[in-house]
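Hi,

Here is the structure I said I would pass along. Have a look at it, and then read my notes on its charged side chains below.

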Amino acid sequence: MTPPAEHPAFDHLLHYVPDVPEAVAAYRATGLPAHTNEAMPGFHNGGWRLDTRYVEILTVTDPQAVRTSLFARGVELLRPAIEALPGPAGAITFAVNVDDARATAARLRAAGHEVAEFEVELAEHGVSFVEVFVLDGPPWHPFFITYDPPRDALLAAVDPDAFERGPHDLTGLVVSARDPRAAARDLGELIGIEPTGSSLQLPGAAVHFEKGDREGLTAVTVSGDGPAPAVDVEGLGVRFGP
C-alpha cells in the first residue's frame with residue numbers, strides 16, 4: 001500500500017453521552033481533566049484537550065433545534081453511529097486530520113466510495129473546517145477534517161494555560177471487530193496506512209483491533225497510572241498503562 005500524500009493523523013474522538021456535565025465529572029474523577037463548553041441550540045459539548053488532539057464529549061439536547069444550527073449536517077451524518085451504540089453512551093467515531101479534505105474526498109470517490117463533504121465556518125472565531133464522511137462503511141469509520149487556518153497554527157495562537165491537559169496522554173483507540181485483521185486492512189485502505197497485524201500506527205493515536213461480536217470503538221489507551229488499570233467512563237473503556 002502506498003499511503004496518500006495527505007499526512008493523515010488522529011484529530012479527535014467523539015464520545016456521545018446523555019449529559020455532558022455529568023460525563024465531564026466522570027472524566028475528571030478518573031484523572032482526565034475534561035471541561036464543559038457553553039451549550040448551543042440543540043447541542044452541547046465539552047472535551048479533554050491534549051494539544052491539537054482532543055476527545056469531544058457531546059450530546060444532542062433538542063433534535064429539532066439542532067436542525068437549524070451550524071452543526072446540523074454533521075449531527076445528521078453522525079446519527080447512524082449514535083444509533084449503533086449498544087447503550088445510551090459510548091465512542092461513536094473519530095476524526096482524521098488531512099492536508100486537504102476535499103482532495104481526500106476525490107480520492108475516495110475515485111476508489112468507489114460514497115462520500116459527503118461540507119464546510120462549517122465559525123466567522124466569529126476566524127476559523128472554518130471541511131469534513132468528509134464515508135457513507136458506505138461501518139458507522140464507526142472515521143471522517144476526515146481539514147482546518148483553515150491549519151490546526152497547528154490554531155494551537156500556536158492559544159495560551160498554553162487556556163486548557164488543562166493533565167498528566168496523561170491519549171495513546172490509542174481500541175476497536176472491536178469480528179475479524180480484527182480484516183478490519184485493520186479495511187481501515188488502512190481508507191486512511192492510507194499499512195496495518196501491522198491488527199493495528200494501525202496512525203500518528204497521534206494508534207488504532208488497535210480486538211476480536212468481539214460488536215463492531216465499533218470500545219476503549220482508549222492512556223499513558224500513566226489511573227485509579228485502576230481499566231475503568232468505564234460513560235460507556236467508554238479507559239485503559240491506563242505505560
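Predicted model: local features only at pLDDT ≥ 70, side-chain atom pairs only at ≥ 80, totals over all residues.

Let's begin with Arg-102 and Glu-117, whose side chains meet in a salt bridge with an N to O distance of 2.7 Å. Arg-102 sits in helix H4 (residues 101–110) and Glu-117 in strand S6 (residues 115–122), so this pair ties together parts that are 15 residues apart in sequence. Arg-102 is partly exposed, at 38% relative accessible area, and Glu-117 also counts as partly exposed, at 25%.

Next come Glu-210 and Arg-239, which form a salt bridge at 2.7 Å, N to O. This one links distant parts of the chain, 29 residues apart: Glu-210 is in strand S11 (residues 206–211) and Arg-239 in strand S14 (residues 236–241). Glu-210 is partly exposed at 32% relative accessibility, and Arg-239 is partly exposed at 31%.

There is also a network: Asp-51, Arg-53, Arg-165 and Asp-169 are joined by salt bridges that share partners. Within it, Asp-51 pairs with Arg-53, their closest N and O atoms being 2.8 Å apart. Is Arg-53 buried or exposed? It counts as buried, because its relative accessibility is 9% and the cut-off for buried is under 20%.

Finally, look at the surface for a patch of negative charge, where Asp-179, Asp-186, Glu-189 and Glu-194 gather. Of these, Asp-186 is found in helix H6 (residues 180–191).

Cheers

Terms used. Residues numbered from 1 in each chain as written. Heavy atoms only, no water. Patch = residues over 30% accessible without salt bridge, like charges linked within 9 Å, V, L, I, M, F, W, Y side chains within 5 Å. Areas by Shrake-Rupley, 256 points an atom, 1.4 Å probe, with all protein chains shown as cover. Salt bridge = Lys/Arg side-chain N within 4 Å of Asp/Glu carboxyl O. Lys, Arg positive; Asp, Glu negative; His and termini not counted. Charge placed at Lys NZ, Arg CZ, Asp CG, Glu CD. Helix = DSSP H or I, 4+ residues; strand = E, 2+ residues; numbered from the N terminus. Buried < 20%, exposed > 50% of the residue type's maximum accessible area, 1.4 Å probe, protein only.
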